[in-house]
Amino acid sequence: MMKMTLGCLRRKKHPKDGVKPSKISAITAYDSLFAALFDPYIDLILVGDSLNMSFNGRLDTLSASMQEMLYHTKAVCRGVQRAFVVADMPYGSYTNEKQALKNALKFYQHTRADAIKLEGGAERAHIIKTLVGEGVAVVGHIGLLPQSVRGVGGYKITGKTPESAQQVLEDALSVQEAGASLVVLEGVVAHVATEITTQLDIPTIGIGSGAGCDGQILVFSDMLGLFKAFKPKFVRSYLEGATLVEEAVQRYIQDIQTGHFPSEQESY
């Protein structure tokens, strides 16, 4: 299997020889098991700080630590041969250029991550520029910023007003100019996200931002229907995972109780 690179992802938006552009498929993963299942098919795997909610049962992403993100990134990389792996920089790990570079380099030194992702637009451009200048591939993240949820008073969709739409566009252009290789557009009104995608040279990855982006990403436990606490509007579940797991556990218990498990063939 050919390893996905930044060049491969870019060619999906800018193909050569008259080939039509194709969409980038992306998903989160937090361990080697699911990463290996996704790897033959998916273009990009994000080790997202969303693991703090869907994996660790916390209310938001803010308490995810560098130690946790490094641990899960190592695990994901062990399961991946083909996909492009992006690691989230956790909240508080890039408050200034020096700290950001120190922590970003940890991902490169201790894992096989291909890039790191950080949240913020124009106000983070100087940090992105510093990281790129030291050879770190950066994925931007603008629009709805989960790490800023307490500061802005909740999960707020962006681009609803002309002023908000202009700000998101300026953020996107700033992130690109600073040297980001891709940018995630989260919770951006669809027509605004489409316009941003048209104006940017780098690929956009949408989540809750409509079909006009260059690619799409979902949290894997949402996509597989495993997370039951709530379901955002933008999520489409492709499997009733929670129900299937519950039914399997019930059958397992029943087979234990009735003596049907283990059978003679399953015993030494």
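Which residues of helix H9 (residues 190–199) are buried? The views below start there, in a predicted model where local features need pLDDT of at least 70, side-chain atom pairs count only at pLDDT 80 or more, and totals for chains, interfaces and linings use all residues. Residues are numbered from 1 along each chain as its sequence is written, and side-chain values use heavy atoms, with hydrogens and water left out.

View 1. Val 192, Ala 193, Ile 196 and Thr 197 are the buried residues of H9; buried means under 20% relative accessible area, exposed over 50% and partly exposed in between, with a 1.4 Å probe and protein chains only. These four lie on the same side of H9 because they cover an arc of only 140 degrees around the axis, the arc being that of the directions from the helix axis to the C-beta atoms. The face turned away from the buried side carries exposed His 191 and Thr 198. Among the elements covering the buried residues are helix H1 (6–13), helix H8 (162–178), strand E6 (182–186) and strand E7 (204–207). Helices (H or I, at least four residues) and strands (E, at least two) are DSSP runs, numbered from the N terminus.

**View 2. Strand E2 and its partners.** In a regular strand the side chains alternate between the two faces of the sheet. In E2 (residues 44–47), Leu 44 and Leu 46 point one way, Ile 45 and Val 47 point the other way, and all are buried. Strand E1 (residues 24–28) runs parallel to E2 and is joined to it by three bridges; two strands pair if DSSP finds at least two bridges between them. Here Ala 26 stands opposite Leu 44. E2 also pairs in the parallel sense with strand E3 (residues 84–88), over four bridges, and Val 86 is the bridge partner of Leu 46.

View 3. Ala 125, Ile 127, Ile 128 and Leu 131 are the buried residues of H6 (residues 125–133). Their arc around the axis is only 160 degrees, so they sit on the same side of H6. Lys 129 and Gly 133 are exposed on the other side. The buried residues pack against helix H5 (97–110), strand E4 (115–117), strand E5 (138–143) and H8. Just after H6, Gly 135 takes a positive phi of about 85 degrees.

**View 4. Two nonpolar cores.** A nonpolar core is a set of buried Ala, Val, Leu, Ile, Met, Phe, Trp, Tyr and Cys residues joined through side-chain atoms within 4.5 Å. The largest has 57 residues, and those with the most contacts inside it are Ile 45, Ile 116, Leu 118 and Leu 131. H8 gives the most to this core, with six residues. A second, separate core of 17 residues includes Cys 8, Leu 44, Ile 205 and Ile 217.

**View 5. Cysteines without a disulfide.** Searching the whole structure finds zero disulfides, a disulfide being a pair of cysteine sulfur atoms within 2.5 Å. For Cys 8, the closest cysteine sulfur is in Cys 77, 17 Å away and so too far for a bond. Cys 8 is buried, with a relative accessible area of 9%.

**View 6. Backbone details to zoom in on.** Asp 17 has a positive phi of about 60 degrees although it is not a glycine. Asp 17 is found in the loop between H1 and E1. A cis peptide bond, with omega about 0 degrees, joins Phe 261 and Pro 262.

How values were computed. Contact means heavy atoms within 4.5 Å.
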